Each structure stands twice: as structure tokens, then as C-alpha cells.
Amino acid sequence: MKGVVFSEFIEMVEERFSPAIADRMIELAHVPSGGAYTAVGTYSHEEMLALVGTLSTLTGVPVPELVRAYGHHLFQRFTALYPSFFEGVTSAFEFLARIENHVHLEVRKLYPDAELPRFDTPQRDERHMVMLYESRRPFATLALGLIEGCLQHWGEQADVTMTDLSEPGITRVRFDITRRA
Ligand code: HEM
């Protein structure tokens, strides 16, 4: 995973909990990098799982809740870090439909070693949209947080349900996103 994903995570921990908790998390997780992340560096996604698991132990907040909250934080940060991806986009559904063939495609050009999930958006109308997530890494809850962060960014009210279609070694999740009338 790219360093930006880690540095933004540590920033969220410092803000939401405290800098002392962030330091303690890094120390107790015994991560190979020692917690010194640079935006262009690449680190094992196992490090992220170790950090989140340790944070959950330290704070009593369940892992999925932490990862989902991180998705909200990360989406907000993306709006500041990558403003060009938002130009001309007028709704959350429109943005979400552009992740696979535009946003992540550009991310891959910037960082050829990025480990990105695959998204399909087989259905989309005004009210309802389906997103299929597929990855060798278990970050569907991060996708949920990012989707919710995206809806919040455009001030849209919607319900998001997740259906787990995973198989051994591959995480597959169907997201149904339904706008409230
Ligand atoms: C401006 C918007 C976005 C940018 C710049 C962006 C960029 C990135 C980057 C840099 C990574 C890390 C790749 C790596 O660690 O090697 C990543 C991973 C990921 N992105 Fe995005 N992303 C954006 C929006 C979204 C949205 C809206 C979703 C959800 C629908 C999403 C879902 C994910 C997930 C789940 C991962 C973790 C890797 C995995 O699951 O295999 N991203 N993205």
C-alpha cells in the first residue's frame, strides 16, 4: 500500500484519539517500517491490518468501525490532495462510476506499484447504483467508508448495503447504494 494511505491513517488517529495513542499504536504493532511512512514509499498492507488491530485493542473500538471512519477521513483528504479528479463531476454516483476507469487508472499512472481493487458498476440509475468490489486484500470496509465519504461530500442521503460474495483468497463485495427519496 502506498505511504499516503498510512500517513493519512496516522493523522486521523492523532486527531480522533491523540498523538500519544498514535505513538503507542506504532510501538505495539511492531511494524517493519517502524511507522516512518513517506508518501511515495510502498509498504505491505499487512502493516495497515496490524496498526488497525492494535488501535482497536488500545481503544476498544471494533476494527470495522475504525476502518470505516478512516474511509470518511481519507475521502475528505482526497478532495484536497487530488482536486483534478473532482473537476466537472456533479454527483456522488457520477464520481463512484468513474473510480475504476478514471480515478484509479490515473492513480496507477502516478504510482505504478499501487495495489488497487477492481470495481464494476453494472447498474446505475437516478436512485440506485450497484458497485462490485474485488481485491486480493480485505479492504471492503474501507470502500464502504470511502463511498459514504463520497456521498457526504455531495451532501447526498443514501443507504448503503454490503453483500459478501468472497471466496478463499479473494474479497468480493456487492454494494447497493440507494438514494433516499
Ligand atoms: C479521489 C479519489 C480517490 C483516490 C485519489 C484514490 C486513490 C487510492 C490510492 C492511492 C490507493 C492505495 C493504493 C495502494 O496502496 O497501493 C487506493 C486504494 C483503494 N481505493 Fe481508492 N482512491 C479514490 C477513491 C476511492 C473510492 C471512492 C473508493 C470506494 C468506492 C476507493 C476504494 C479503494 C480501496 C478499497 C482501496 C484499498 C486497496 C484494496 O482494497 O485492494 N477509492 N485508492
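Trainee: In which helix is His 104 found?
Mentor: His 104 lies in helix α6, residues 99–110. Keep in mind that this is a predicted model.

Trainee: What makes His 104 a donor of the iron atom of the ligand?
Mentor: Distance. A donor is an N, O or S atom within 2.8 Å of the metal. The NE2 of His 104 sits at 2.2 Å from the iron. So NE2 counts as a donor under the 2.8 Å cut-off. His 104 is the only protein donor of that iron atom.

Trainee: Which domains is the protein divided into?
Mentor: Domain 1 covers 3–61, and domain 2 covers 90–179. Their centres, taken over C-alpha atoms, are 24 Å apart.

Trainee: How many residues of the two domains are in contact?
Mentor: 5 residues of domain 1 are in contact with 6 residues of domain 2. Contact here needs heavy atoms within 4.5 Å.

Trainee: What area is buried between domain 1 and domain 2?
Mentor: About 490 Å², with 68% of that from carbon and sulfur atoms. On the domain 1 side, Thr 42, His 45 and Leu 49 lose the most area to domain 2. Together they give 66% of what that side buries.

Trainee: How many salt bridges does the rule find across the interface of domain 1 and domain 2?
Mentor: The rule finds 0. A salt bridge needs a side-chain nitrogen of Lys or Arg, and a carboxyl oxygen of Asp or Glu within 4 Å. The touching side of domain 1 has 3 nonpolar residues, 2 polar and no charged.

Trainee: What is the count of residue pairs in polar contact between domain 1 and domain 2?
Mentor: The count is 1 residue pair.

How values were computed: Residues are numbered from 1 along each chain as its sequence is written. This is a predicted model: local features need pLDDT of at least 70, side-chain atom pairs count only at pLDDT 80 or more; totals for chains, interfaces and linings use all residues. Side-chain values use heavy atoms; hydrogens and water are left out. Domain bounds come from an automatic or database domain assignment. Buried area is the accessible area (1.4 Å probe) that two parts lose on being put together, summed over both. A polar contact is a pair of N or O atoms within 3.5 Å; within protein, one must be able to donate a hydrogen and the other to accept it, and residues adjacent in sequence count only if both atoms are side-chain atoms. Ala, Val, Leu, Ile, Met, Phe, Trp, Tyr, Cys and Pro count as nonpolar, Asp, Glu, Lys and Arg as charged, and the others, Gly among them, as polar. Donors are N, O and S atoms within 2.8 Å of the metal (3.2 Å for Na, K and Ca); water is not among the atoms, so sites may look incomplete. Helices (H or I, at least four residues) and strands (E, at least two) are DSSP runs, numbered from the N terminus.
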